[in-house]
Amino acid sequence: MMEGQINGHDYDVIVVGSGAGGAMAAYTLTKSGRKVLMLEAGRDYDPKTETPMFKSNFDAPLLGAGNSDKDFGFYDATVDGGWEVPGEPYTKGEGSEFLWWRARMLGGRTNHWGRYSLRFSEHDFKGFSRDGLGADWPFEYWDLAPWYDETEALVGICGTNTGLDDMPDSPEGVLQPPPKPRVPELLVSAAAKKLGIPTAPMHRAVLTRPKDDRQACFYATPCGRGCSIGAAFQTTTSLIPMAQATGLLTVITDAMVKEVNVDEKGKVNALTYIDKKTKQAHRLDAKVIILAASACESARILLNSKSESHPNGLANSSGHVGRNIMDSTGVSYGAHIPALEGRPKYNEDGHTANHLFIPWWGHKVQEKKAMAFPRGYHFEIGSGFRAPSSWVSGDLDGYGKPLKEIAKQAYGSYVGLALRGEMLPNDDCYMEIDEDVKDKWGIPVVKFHWKWSQHELKQVEHGLKTARQILETMGAKFDKPLPKAEDAILKGGQIIHEVGSTRMGDSPTESVTNQWGQTWDCSNLFVMDAGVFASNPHKNCTLTIMTLAMRNSTWLARQLDKGEL
């Protein structure tokens with residue numbers, strides 16, 4: 001096969017992964033005139049024909065509830081994947097609990113995610129400079145701000161500028177209007193205000209106005225099912241078809257990348273993938289490779305790409321590939337609110353998730369080192385009249401008509417607060433290759449090691465107390481003590497925000513890539529997923545993955561234009 005050709009199509013760059021980073025890289029490069037070959041480990045997927053938008057929970061087994069085969073419910077958009085993928089195991093070190101979410105489908109995790117789209121702030125990029133923990137990013141917020149502007153406008157983010165120090169403003173006209181707050185959210189807001197805690201409209205990648213070929217949300221179906229009209233952002237209804245429309249993108253699905261290959265000088269020159277349909281291995285010559293397979297999958301590929309030039313894995317001269325893994329902290333706490341009982345039932349229009357949320361409010365206190373933990377968190381509000389499913393009766397006792405009346409009275413009166421917080425990297429959280437176990441494709445699997453530190457446990461302890469204060473201010477009554485933080489905190493990986501496995505930095509001895517996602521060891525190898533994150537702020541990471549991929553792919557295209565690669 002000739003260099004840079006497959007099936008008669010030539011290409012400039014191979015992109016591994018079709019999720020947030022991979023699709024944005026492919027979109028940006030094809031728009032700049034570059035030919036891209038995209039490899040996706042999962043199957044082809046078309047939300048326009050496969051999304052069960054208008055199916056009722058009553059049409060599904062177990063009223064649509066989640067189970068070991070469908071973790072987020074029968075209709076969840078992840079049609080081939082989850083925390084367990086048949087034939088693709090991972091192992092865990094002694095005493096470690098970690099869950100690794102994979103979405104083996106075109107579009108990756110963007111078919112499933114919560115679509116919360118909050119910008120990282122100045123605080124988030126320079127945590128080490130402030131408190132000496134973790135690592136700084138190799139640039140300032142203001143270096144990334146223009147790229148946030150472009151990404152938000154392209155993706156379509158609804159929300160509002162707040163002026164809060166945790167929520168950098170967007171330029172006028174970039175954000176689409178947010179939906180109105182729901183009644184329970186207004187009650188949460190009033191209670192939080194009494195405690196000196198702000199609330200704000202959530203920023204979310206859901207259209208409230210039509211855009212391009214995508215329609216505005218009409219509030220009829222849970223976003224987690226995918227969106228056949230393109231209102232809820234996923235790369236399969238936006239970036240990938242837009243890149244394909246240039247005529248410069250070729251996509252190969254069911255392509256499980258095994259390793260990246262190098263020449264005698266240690267420079268990347270090819271990759272090897274397994275065709276999952278034929279089980280045959282294929283080697284593709286490559287001029288430039290972008291890994292965007294998700295943080296841990298990209299690190300796995302690098303660690304499995306050992307050679308004489310790179311005996312510890314590709315791009316791993318620093319020893320940091322697979323280290324510095326972080327997830328978001330997660331815990332939920334909620335209560336029945338008597339004031340919300342017996343409300344007239346009506347259609348609470350809006351997108352699936354919270355319209356209001358509680359951003360982090362403690363930066364100034366932390367700057368004075370007056371808190372027991374160094375990094376912040378936010379609360380997502382769960383409330384309202386959702387489509388009834390298996391949990392509609394909650395913990396109510398009884399049967400028959402009396403039970404139905406009690407359930408109707410209580411329907412919509414539960415308010416939950418879900419904490420999502422920043423984690424700091426520590427030496428106990430990392431991944432390595434388990435040389436004793438291979439997946440069904442013959443590729444060595446990953447072994448995870450995990451342990452929350454006191455920073456995260458103190459944060460969760462504070463969050464539980466704050467959540468109870470807010471709920472009590474709303475009228476909730478509690479007859480049990482708060483759970484211990486170590487019992488309440490969710491497992492590593494359970495929030496599906498793992499980042500940092502190939503982090504960027506200023507130094508090749510302390511990081512895997514430079515600020516452009518270009519690996520220090522191989523100039524024609526890039527990483528453009530959350531693996532490059534130097535820290536993991538409490539906000540959902542997908543908006544920043546896309547923003548970095550747009551910025552870094554633009555830089556890459558310029559390097560190609562100049563003949564630098």
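**Around the rings and charges**

Author: Let's begin with Arg115, whose relative accessibility of 0% makes it count as buried; that word stands for under 20% relative accessible area, while exposed stands for over 50% and partly exposed for what lies in between, with a 1.4 Å probe and protein chains only. Before going on, please keep in mind that this is a predicted model, where local features need pLDDT of at least 70 and side-chain atom pairs count only at pLDDT 80 or more, while totals for chains, interfaces and linings use all residues. Residues are numbered from 1 along each chain as its sequence is written, and side-chain values use heavy atoms, with hydrogens and water left out.

Back to Arg115: its place is the loop between β7 and α3 (122-125). Helices (H or I, at least four residues) and strands (E, at least two) are DSSP runs numbered from the N terminus. The phi angle of Arg115 is near 70 degrees, a positive value in a residue other than glycine. Leu63 also has a positive phi, near 55 degrees, without being a glycine. Leu63 sits in the loop between α2 (47-50) and β5, and its relative accessibility of 28% makes it partly exposed.

Now for the aromatic rings. A pair of rings is described by how far apart the centres are and by the angle of the planes. Rings of Phe, Tyr and Trp (for Trp, the six-membered ring) pair if their centres lie within 6.5 Å; planes under 30 degrees apart count as stacked, over 60 as edge-to-face, and the rest as tilted. The whole structure contains 33 aromatic pairs by this search. One of them joins Tyr90 and Trp100 edge-to-face, at 5.9 Å centre to centre and with 75 degrees between the planes. Tyr90 belongs to the loop between β5 (81-82) and β6 (91-92), and Trp100 to the loop between β6 and β7 (102-103), so this pair ties together parts 10 residues apart in sequence. Tyr90 and Trp100 are both buried.

Another edge-to-face pair is made by Trp450 and Trp452, with 5.3 Å between centres and 90 degrees between planes. Trp450 is buried because its relative accessible area is 7%, and Trp452 counts as buried at 14%. There is also an aromatic cluster whose members include Phe120, Trp137, Phe139, Tyr148 and Phe533.

A charge sits over a ring if NZ of Lys or CZ of Arg is within 6 Å of the ring centre and within 35 degrees of the ring normal. The charged end of Arg102 sits over the ring of Trp100, 4.5 Å from the centre.

A salt bridge here is a side-chain nitrogen of Lys or Arg within 4 Å of a carboxyl oxygen of Asp or Glu, and the structure holds 24 of them. In one of these, Glu88 meets Lys276, with the closest N and O atoms 3.8 Å apart. This pair links distant parts of the chain, 188 residues apart: Glu88 is in the loop between β5 and β6, and Lys276 is in the loop between β11 (268-275) and β12 (280-285). Both Glu88 and Lys276 are buried.

Glu297 and Arg300 make a salt bridge too, with the closest N and O atoms 3.2 Å apart. Both lie in helix α8 (residues 295-303), three residues apart, about one turn of the helix. Glu297 and Arg300 are buried as well. These two bridges come together in a network of salt bridges that links Glu88, Arg104, Lys276, Glu297, Arg300 and Asp439.

A further bridge pairs the side chains of Glu435 and Lys306, at 3.4 Å from N to O. It links distant parts of the chain, 129 residues apart, with Glu435 in strand β18 (residues 430-438) and Lys306 in the loop between α8 and β14 (329-336). Lys306 counts as partly exposed because its relative accessibility is 46%.
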